[in-house]
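My notes follow in the order I checked them.

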Amino acid sequence: MVLSDDQRALQETARRFSREQLLPLYQKREESGVLDRELLLEMGRLGLMGVELPERVGGLGLDAATAGLIAEEVAYGDFNVSLVPVGTSLNAAILMRNAQPEIIDEWVPRMVRGEALVAICLTEPRGGSDAANLQLRARRDGGHYVINGEKTSITFADRADGYIVFARTGAPDSGAKGITAFFIPADRPGIQRTAFNDVGSRIAGRGSVFFDDVRVPLDHRLGDEGKGFTQVMQGFDYSRALIALQCVGAAQASLDEAWSYTKEREAFGRPIAQFQGVTFPLAEGESHIAAIRQLAFHTLALRDANLPHTAESAMLKWMGPKTAFDVIHQCLLTFGHYGWTKDLPHQQRMRDVMGLEIGDGTAGVMKLIIARERVGRAAVQYL
Ligand SMILES: Cc1cc2nc3c(=O)[nH]c(=O)nc-3n(C[C@H](O)[C@H](O)[C@H](O)COP(=O)(O)OP(=O)(O)OC[C@H]3O[C@@H](n4cnc5c(N)ncnc54)[C@H](O)[C@@H]3O)c2cc1C
């Protein structure tokens, strides 16, 4: 991709912030399990959040491809912190397209400034892949909806300031047609949340959100009643491309560190860079990561041109985390026994990217989406 001056400047800003402020404390931050809100404010001040949003809500009026450049750069320094700009892009896009103007004006500028964190609540205890089969209930009561049920496996569950929630407003067997989306501020009475003890990305506080008779004004509905799936879910095509670039950033960090090591470490009286058994796997990793990066920017360019990109996004969503995991694993092995300690970051990067082999839809579901795009709904009627 040939970068414009604006894109190059933002990429440089993101790169400096990521390498100077994020990378040195990547593992310490994760050990603490704390999402440092000051970092989010700093990303807001630097213009790294919601760059594709219009200036009237605090964005820079740029494009999705620029958001992708930032996702990769931030993830290079800290994959887990990069969940925030990516989540902001996804959730702000959903609000911009589906929320009432008052909600947009109150929330989106705060998200872009790094002051408000919004989570997206789709998965329920009975399962995430069969997402249209959800049970969390929204019942009309005068000027409100009353929400009851549990969402689980929600990124930022215990630390979000607001939730985009998918609920059933139709009959229990109404499938995708009976689902409506809502925006619910986290301080509404009746909300409780918990965090899980995850193997990675602990600063994201993945967990459950419980809704017990939570009253939501009618104007907090996103899109039309019963259209939560068809209108609001389209946003996921965007986040899937950005997720691939997060994975590319993390893998590139490990690759760069591994290449340096091949020049320093000696075996059999020479740098291990002289052994093709060492360099060829890294060269393969560079090749795979470069291919995913190119597909991701191609996909974001399709989005910027308002062209369909559902299949490309699904391809990226399964290949990105899996390839990054494999490449980082190879980098870990390049460091020999040092790679097996927690002093080096590769083990943590592997754990972190692995989460997104599941989050936002598993590889199996992504391949079903690709098949549906190619041979039509008849092939996957249950999706
Ligand atoms: C790190 C992380 C972050 C997450 N963040 C969020 C979030 O912010 N919000 C949110 O709502 N959810 C989130 N999730 C939940 C995630 O979207 C679900 O875990 C995912 O959709 C899979 O659902 P499940 O875990 O219930 O697995 P299940 O649906 O129970 O599936 C179990 C296994 O069966 C496979 N499978 C199921 N059906 C099919 C099929 N038809 N064909 C082939 N294979 C199939 C799946 O691929 C999986 O391997 C997150 C999960 C993780 C791990």
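I started with the ligand and Thr362. A polar side-chain atom of Thr362 sits 2.5 Å from a ligand oxygen atom. I kept in mind that this is a predicted model.

Next I looked up backbone partners. For Leu122, a backbone N or O atom is 2.8 Å from an oxygen atom of the ligand. For Ile120, a polar backbone atom is 2.8 Å from a nitrogen atom of the ligand.

Then I checked how much of the ligand is covered. Alone, the ligand exposes 970 Å². The protein buries 62% of that area.

Which elements give two or more residues to the shell around the ligand? I found strand S1 (118-121) and strand S3 (144-154).

I went through the shell itself. It holds 19 residues, and the closest are Thr123, Gly128, Ser129, Ser153 and Thr362. Sorted by class, I get 10 polar, 7 nonpolar and 2 charged residues.

I moved on to the nonpolar cores. The largest has 81 residues. Met43, Ile147, Phe156, Tyr163, Ile184, Phe211 and Leu300 have the most contacts inside this core. Helix H8 (residues 236-264) supplies the largest share, 13 residues.

What does Tyr163 touch, leaving aside neighbours within four places in sequence? I listed Ala119, Cys121, Ala157, Phe182, Phe183, Ile184, Ala186, Ile191, Arg193 and Val209. Of these partners, Ile184 is also named for its contacts inside the largest core.

How values were computed. Residues are numbered from 1 along each chain as its sequence is written. This is a predicted model: local features need pLDDT of at least 70, side-chain atom pairs count only at pLDDT 80 or more; totals for chains, interfaces and linings use all residues. Side-chain values use heavy atoms; hydrogens and water are left out. A nonpolar core is a set of buried Ala, Val, Leu, Ile, Met, Phe, Trp, Tyr and Cys residues joined through side-chain atoms within 4.5 Å. Buried means under 20% relative accessible area, exposed over 50%, partly exposed in between (1.4 Å probe, protein chains only). Helices (H or I, at least four residues) and strands (E, at least two) are DSSP runs, numbered from the N terminus. Contact means heavy atoms within 4.5 Å. A residue is near a molecule or strand if one of its heavy atoms lies within 4 Å of it. A polar contact is a pair of N or O atoms within 3.5 Å; within protein, one must be able to donate a hydrogen and the other to accept it, and residues adjacent in sequence count only if both atoms are side-chain atoms. Accessible areas come from the Shrake-Rupley method with a 1.4 Å probe; for residues, only the protein chains shown count as cover. Ala, Val, Leu, Ile, Met, Phe, Trp, Tyr, Cys and Pro count as nonpolar, Asp, Glu, Lys and Arg as charged, and the others, Gly among them, as polar.
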